[in-house]
Amino acid sequence: MIRNYLPGAFLASVVAASVFGGSRMSAQRPLALSPLRTAMFVVDSPTLYTEAQAEEGAKVWTATCSSCHETKDVTSTDFRTKWIGRSLFELYEQIRTTMPDDAPGTLTPEQYLHSVSYILKLNGLPAGTTPLVSDSTTMSTLKFELPAPPPPLPVLP
Ligand code: HEC
């Protein structure tokens with residue numbers, strides 16, 4: 001009975017992760033969800049961006065990006081899969097040099113940085129006390145990754 005219960009619970013979590021992984025719900029309520037559901041996409045740093053930066057980024061998103069984008073464009077499994085293994089600097093540079101699509105490069109460096117912060121927040125990555133800075137060396141070392149695999153299930157007698 002117990003032997004069957006554990007793998008069953010694990011499977012249910014994985015299914016929940018794939019159902020909710022790309023939705024706005026996981027983005028807006030990261031604390032309410034289990035790590036398995038949110039950690040489809042992680043960056044190995046405890047302090048990536050500040051809440052204030054993400055709030056500024058949300059304003060940029062609403063004023064500029066949302067005329068063409070839905071948030072799922074930057075939170076979907078497709079988006080995450082595409083960016084895994086690539087750095088924060090690549091994402092920043094891509095947005096800075098190509099967005100808004102109809103007027104690339106027209107925002108300030110801070111607005112681009114804040115947009116990236118907001119995208120991190122939408123993906124459920126936690127805000128910290130250290131702001132994200134547009135330093136290519138630091139940002140290049142920060143890579144999007146898949147989360148560490150869950151620990152193996154205990155061997156039952
Ligand atoms: C005028 C329309 C338009 C606006 C405004 C716009 N985008 Fe885009 N964006 C696009 C299009 C079209 C693409 C796909 C382009 C491509 O793949 O070459 C895209 C692609 C992207 C991507 C790449 C997605 C991926 O799958 O890797 C990101 C990230 C992005 N935009 C972010 C932003 C941000 C942030 C803003 C606001 C600062 C913004 N965009 C504003 C039209 C727009």
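View 1. The model shown is predicted. M99, at 26% relative accessibility, likewise counts as partly exposed.

**View 2. Donors of the iron atom of the ligand.** The protein donors are NE2 of H69 and SD of M99, which lie 1.9 to 2.2 Å from the iron atom. These two residues link distant parts of the chain, 30 residues apart. H69 belongs to the loop between α4 and α5 (77-83), and M99 to the loop between α6 (88-98) and α7. Around the iron atom of the ligand, 6 donor atoms subtend angles of 85 to 178 degrees, so the arrangement is octahedral. Ideal angles for six octahedral donors are 90 or 180 degrees.

**View 3. The two sides of helix α4.** Helix α4 comprises 13 residues, 51-63. From first C-alpha to last it reaches 18 Å, close to the 18 Å expected at 1.5 Å a residue. Q53, A54, G57, V60 and W61 are buried. Seen down the axis of α4, the buried residues fall within an arc of 110 degrees and therefore line one face of the helix. They pack against α7 (109-122). On the other side of α4, K59, T62 and A63 are exposed.

**View 4. Confidence along the chain.** The protein has an average pLDDT of 78, and 74% of the residues score at least 70. Confidence is highest in α4, at 98, and lowest in helix α1 (residues 2-20), at a mean of 36. Over residues 1-39, pLDDT stays under 50.

Definitions and conventions:
Residues numbered from 1 in each chain as written. Predicted model: local features only at pLDDT ≥ 70, side-chain atom pairs only at ≥ 80, totals over all residues. Heavy atoms only, no water. Helix = DSSP H or I, 4+ residues; strand = E, 2+ residues; numbered from the N terminus. Expected span 1.5 Å × (residues − 1). Buried < 20%, exposed > 50% of the residue type's maximum accessible area, 1.4 Å probe, protein only. Arc of directions from axis to C-beta. Contact = heavy atoms within 4.5 Å. pLDDT = per-residue confidence, 0-100. Donors = N, O, S within 2.8 Å, 3.2 Å for Na, K, Ca; no water. Tetrahedral: all angles 85-135°; square planar, octahedral: opposite > 155°, others 65-115°.
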